[in-house]
Amino acid sequence: MNPMLSRRCCLGLLLATPLLAACQQSTVAAGHPVPIDKNTSCSLDGMSLMDYPGPKGQIQYEQGAPDFFCDTIELFAVYLRPEQQRKIQGVYVQDMALADWDKPVGNWIDAKSAFYVVGSKRTGSMGQTFASFASEAAARAFAAKEGGKVYSFAQIRPEMAELDGGVVKDKMM
């Protein structure tokens with residue numbers, strides 16, 4: 001092969017590689033939840049998401065890696081912070097009408113269209129949690145069985161998601 005042609009091909013590949021990587025990154029950041037596995041850890045405390053019960057959450061950003069949360073209260077605590085400056089592409093939680101509470105995998109839904117049961121007797125990785133559901137009917141059925149009150153995403157307030165004990169203000173955590 002002609003050495004000059006070989007150099008042009010190599011230069012072309014070097015120039016194209018960042019463009020291909022950018023295309024891949026924009027595909028991941030296009031607003032789709034990322035599946036979790038045994039290596040996925042919580043962005044706040046490093047806990048393995050798959051080691052604990054209850055609904056999980058994730059925030060996808062326009063740029064950079066997503067944040068994962070082993071509990072929906074943690075997700076809201078970060079999302080509702082006034083100092084949150086990164087541009088968010090999507091927020092996802094698990095539909096607990098479909099997911100196994102003790103070992104939830106998959107069943108990701110848009111957190112902003114979900115319904116949450118706050119104050120139920122079911123616990124997640126951090127104690128009391130916000131049970132997330134795709135439908136209001138499923139959330140109400142869960143609340144009738146497990147206790148708690150149903151809220152939409154817009155109704156969740158920062159003081160409900162404090163990490164000092166959250167809903168019940170348990171200062172023992």
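**Close-up views of the predicted model**

View A. Exposed means over 50% relative accessible area, buried under 20%, and partly exposed in between (1.4 Å probe, protein chains only). The model is predicted: local features need pLDDT of at least 70 and side-chain atom pairs pLDDT 80 or more, whereas totals for chains, interfaces and linings use all residues. Residues are numbered from 1 along each chain as its sequence is written, and side-chain values use heavy atoms, without hydrogens or water. Helix 3 spans residues 136–146, and its buried residues are A138, A139, F142, A143 and E146. Helices (H or I, at least four residues) and strands (E, at least two) are DSSP runs numbered from the N terminus. Down the helix 3 axis, the buried residues fall within an arc of 135°, so they line one face; the arc is taken over directions from the helix axis to the C-beta atoms. An α-helix has 3.6 residues a turn, so residues three or four places apart point the same way. The cover over the buried residues of helix 3 includes strand 5, strand 6 and strand 7 (149–152). Just after helix 3, G147 has a positive phi of about 85°.

**View B. S132 lies in strand 6 (residues 127–133).** S132 counts as buried because its relative accessibility is 0%. Its side chain reaches the backbone oxygen of Q94 at 2.5 Å. Leaving aside neighbours within four places in sequence, S132 is in contact (heavy atoms within 4.5 Å) with residues including P55, T72, D95 and F115.

**View C. The largest nonpolar core has 20 residues, of which I59, L75, F76, V93, Y116, F130 and I156 touch the most other members.** A nonpolar core is a set of buried Ala, Val, Leu, Ile, Met, Phe, Trp, Tyr and Cys residues joined through side-chain atoms within 4.5 Å. Strand 1 (57–61), helix 2 (72–79), strand 3 (88–94) and strand 5 (115–124) each supply at least two residues of this core. Helix 2 gives the largest share, four residues. Apart from this core lies another, of eleven residues, among them M96, A99, F133 and A138.

**View D. Four strands form an open antiparallel sheet in the order 2-1-3-4.** Strands pair if DSSP finds at least two bridges between them. Strand 2 (67–69) and strand 4 (108–110) are the edge strands, each pairing on one side only. Strand 1 and strand 2 run antiparallel and are joined by three bridges; the partner of Q58 in strand 2 is F68.

Methods:
A polar contact is a pair of N or O atoms within 3.5 Å; within protein, one must be able to donate a hydrogen and the other to accept it, and residues adjacent in sequence count only if both atoms are side-chain atoms.
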